[in-house]
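Have the viewer open and follow along.

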Amino acid sequence: MMTQLTLDMGEIGRRYNVVGINAGRGLTEKIMEMGIVPGTEIKIISRFGGHVIVMVRGSVIALSRGISRKILISPLE
Amino acid sequence: MLRGKVKTIEINREEIDGVIALVGATNVGKSTLFNVLTRQNVKVSNWPGTTVSKHEGLLEIDGEKYLFIDLPGIHGYYGLTLDESISKNYLLEGSYDLVIVIGDYSDLVRSLYTVILVSETFLKNLIVINKSDLIDQKSSQEFDELISKRLGVESISISAIKENNIDHLIKRIKTLIKNKYSAHEIYVNYGDLEKYIQNIIEVLSKYSFDRSKISLRGLAVNFLAEDPDIESFIAKTVSKEDHRKLLEIRLTAKKELNRDLTEIIISSRYAFIEDLIKRSSVAKYVYKETYEKTWIDKIMEKPMGSAILLLGILFSLFLLIFIINTGFPLNIIFSLIGLEDIATVIEENSLSGLLSKAFEYLSDYIKSLMSSYPEPLVGLLTDGIIAGVGAVIAFIPLIYLVSLGFAILEDSGVATRLAVGLHKTFSRFGFSGRYAYPMFVSLGCNVPGVMLSRGAFDSRERLAQILSIPFIPCQARLIVALAVAQALFSGEPLYQALLILWIYILGIMISLISGFIIRRLVLKERYSPELIIDLPRIHRPYAKVVGWISWSYTKEFLIRAGVVIFILSIFIWFITNFGPEGYTTEFSQSYGYIIGSYVTPFLKPFNINNSIGPIIGLAFLQGFVAKEGLLSTLTIITGSEDPVSAINSLQLTASQMISILTFGMLYVPCLATLSVIYQETRSWRWTLFSIIYMLSIAYIVTLITYHTLIIFMR
């Protein structure tokens with residue numbers, strides 16, 4: 001089975017695949033509309049003050065810790 | 001640069017050759033394009049029943065008139081913000097000839113998501129992709145052709161800021177409107193959902209939707225996605241029975257597919273967009289291997305980095321604004337080093353100093369001109385009306401400067417980074433980093449601050465913001481605090497500065513704590529709001545854009561607060577100059593005195609003399625109208641020369657004075673802010689709550705302050 005982790009645990013500079021989003025109704029849609037849908041490739045570019053900064057589909061997005069904990073990812077490569 | 005002029009344009013719909021709506025996500029440069037097209041020939045009003053401002057602009061070319069409407073930003077369909085709802089409903093009503101849907105090469109995939117979202121449902125659309133200066137011309141031309149071919153919608157790449165290709169755009173707008181153009185329906189493949197989409201279209205096709213403007217396929221997809229505005233639009237048109245049928249189709253889809261329908265819809269749209277981009281040479285600009293960190297990103301990654309950056313920016317901006325506006329703290333620094341004369345000059349020649357001088361002069365001049373007229377009439381004109389206009393105008397430079405500072409932060413992309421940097425601290429108090437925007441603007445004026453709460457994540461965060469913003473000391477309150485500081489510590493500039501600093505720390509801390517009170521105790525939410533936010537590229541702000549943003553904030557202030565301040569200044573003049581016996585120049589004979597004396601019992605715990613109770617009471621009542629009015633009322637009713645001697649004439653102890661100042665800083669939102677609170681919450685309950693809430697907190701804090709102070713001072 002593929003290893004799964006939450007986005008806040010990912011390594012800086014690595015690429016991951018979004019596997020699932022476990023937020024409530026409303027928030028899940030919001031995250032997906034930002035381009036983070038299951039199956040998307042996501043790259044972690046920085047992390048500070050509890051935030052994860054990711055690059056998705058050419059956009060840079062900041063997510064607070066609470067949100068990044070709700071996004072399941074698995075490493076690519 | 002900064003060509004700001006309020007022009008009222010009369011728009012007569014019959015003379016208009018075409019109405020064009022502009023839509024797009026935030027940050028795509030929608031307002032820039034709007035301003036470039038209309039050359040500031042703009043009318044600002046409100047969308048009916050809201051405080052969201054509606055910008056309409058006229059383009060006159062070759063004897064033809066085109067009306068452009070700048071629709072509020074659409075971020076996606078599930079944000080459910082007021083802005084999005086307004087835009088969607090405008091488009092659904094269909095009183096336009098063309099919709100320009102704007103994308104952006106600096107954030108292509110995301111901005112095209114909004115483009116697809118709109119063009120999928122609304123057929124009279126022309127796609128415009130902005131910021132073409134970021135990529136080579138060949139690629140942008142090729143991309144336009146690709147979109148036209150694969151989507152069946154005409155696409156034009158432009159650069160609004162560099163004004164590239166604008167003439168061509170205008171030419172096409174004219175031609176498309178003349179030809180009564182409608183684009184083809186966009187066909188995004190929704191896979192498993194297609195079957196249900198067809199079933200819905202079948203039901204809808206019985207009804208007479210305007211098929212030249214609205215795509216049934218678009219309606220069907222958004223119905224499956226449970227978009228509330230589209231749902232109510234459909235419910236209004238179809239019969240009850242068919243509505244039930246539609247709901248059944250959606251339910252069956254959910255059961256049979258056993259998946260979140262919106263997930264299918266959103267991922268299909270993204271897949272469609274990425275497929276499109278990957279077929280073109282713009283892909284090399286979109287998918288970069290690395291993200292080049294700017295110096296701001298690097299600072300923010302350091303521990304404490306964002307805090308230091310934020311404080312640095314805020315401090316320098318406010319120092320600048322304060323100096324220009326009030327002379328503070330330069331005046332204090334100069335008198336500290338013994339250069340009293342220079343300090344006075346700076347103070348009197350600050351912008352607000354000059355403006356109030358001008359109005360004083362004007363009112364004296366009119367008084368001398370009209371000396372033969374009856375006294376009440378002259379008084380109404382000079383102390384009521386002219387003073388009222390003066391109060392509004394004195395605020396313009398201040399509001400403009402704060403807006404300018406904010407516009408620079410916003411346009412450069414620094415503001416979003418500050419929101420991210422502050423999130424952790426703010427979330428301890430029940431706010432997200434988004435509170436940074438309204439908080440920052442509120443230091444200038446609470447009115448636009450309350451309006452900026454629209455950026456909040458949901459209605460609960462928004463309510464907490466709205467109720468906490470009025471604790472932030474605005475510039476009007478700074479003026480009051482400065483006068484008290486001067487009266488209390490005359491000749492001791494260091495203490496003056498410390499008192500001002502304390503006022504700011506207190507206001508900001510209480511505003512943050514208020515977030516905790518509202519979110520945890522009133523709304524009973526256990527968790528702080530989260531933050532998910534786009535980080536736009538950092539770039540040098542464009543003077544043009546910054547000028548437009550700041551001028552539009554200033555105009556909003558003028559429209560909203562200006563009228564209220566003006567009317568109430570006149571009202572206050574009446575109650576201080578009329579009493580049960582008619583016109584009077586004696587304050588103790590006026591209605592104002594009677595109203596003010598109701599406050600006296602509340603001043604008991606501060607050992608304040610009964611005779612000055614009504615004066616303080618009325619001053620606070622006037623402060624409710626506009627905070628700086630506290631001073632003018634005190635000056636008038638004590639018959640003093642200036643505010644500082646008015647304060648001194650009350651003969652209060654230092655502890656009493658600081659306590660009263662503390663109360664004055666926190667006690668109620670001013671009327672202009674209150675009217676915006678009502679417009680934004682649409683609830684008398686919360687508006688009333690806001691007054692009682694602030695009064696109680698202010699009273700408690702003041703009691704604590706007083707009883708702490710009398711331990712140390714007299």
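Tyr553(B) touches Ser403(B), Phe406(B), Glu410(B) and Leu452(B), leaving aside residues up to four places away in sequence; contact here means heavy atoms within 4.5 Å. Tyr553(B) sits in helix α25 (residues 543-577) of chain B, where helices (H or I, at least four residues) and strands (E, at least two) are DSSP runs, numbered from the N terminus. With a relative accessible area of 14%, Tyr553(B) is buried. For that label, buried is under 20% relative accessible area, exposed is over 50%, and partly exposed is in between (1.4 Å probe, protein chains only). The C-alpha atoms of Tyr553(B) and Pro448(B) are separated by 7.2 Å, although the two are 105 residues apart along the chain.

A word on the ground rules: this is a predicted model, so local features need pLDDT of at least 70 and side-chain atom pairs count only at pLDDT 80 or more, while totals for chains, interfaces and linings use all residues. Residues are numbered from 1 along each chain as its sequence is written, chains are lettered from A and ligands numbered from 1 in the order in which they are written, and side-chain values use heavy atoms, with hydrogens and water left out.

Now for the salt bridges. Over all chains the structure holds 31 of them, each being a side-chain nitrogen of Lys or Arg within 4 Å of a carboxyl oxygen of Asp or Glu.

| Pair | N to O distance |
|---|---|
| Glu41(A) and Arg15(A) | 2.6 Å |
| Lys174(B) and Glu64(B) | 3.8 Å |
| Asp133(B) and Lys162(B) | 3.4 Å |

What does the pair Asp133(B) and Lys162(B) tie together? Asp133(B) lies in the loop between β6 (125-130) and α4 (137-151) of chain B and Lys162(B) in the loop between β7 (155-157) and α5 of chain B, so the bridge joins parts that are 29 residues apart in sequence. Both ends are partly exposed: Asp133(B) at 29% and Lys162(B) at 48%.

Back to Lys174(B) and Glu64(B), whose side chains meet in a salt bridge. Lys174(B) is buried at 14% relative accessible area, and Glu64(B) counts as buried at 18%.

Over in chain A, Glu41(A) forms a salt bridge with Arg15(A). Glu41(A) lies in strand β3 (residues 41-48) and Arg15(A) in strand β2 (residues 15-21), so this bridge ties together parts that are 26 residues apart in sequence. Glu41(A) is partly exposed, at 39% relative accessibility.

Next, helix α1 (residues 30-38) of chain B. Is it enclosed or open? Eight of its nine residues are buried, so α1 is largely enclosed by the rest of the structure. Among the buried ones are Leu33(B), Phe34(B) and Val36(B). Arg39(B) follows α1(B) and has a positive phi, near 50 degrees.

Most residues other than glycine have a negative phi. Lys180(B) also has a positive one, near 50 degrees; Lys180(B) is in the loop between α5 and α6 (194-204) of chain B and is exposed at 68%. Gln651(B) has phi near 50 degrees as well, sits in the loop between α30 (643-649) and α31 (654-666) of chain B, and is exposed at 71%.
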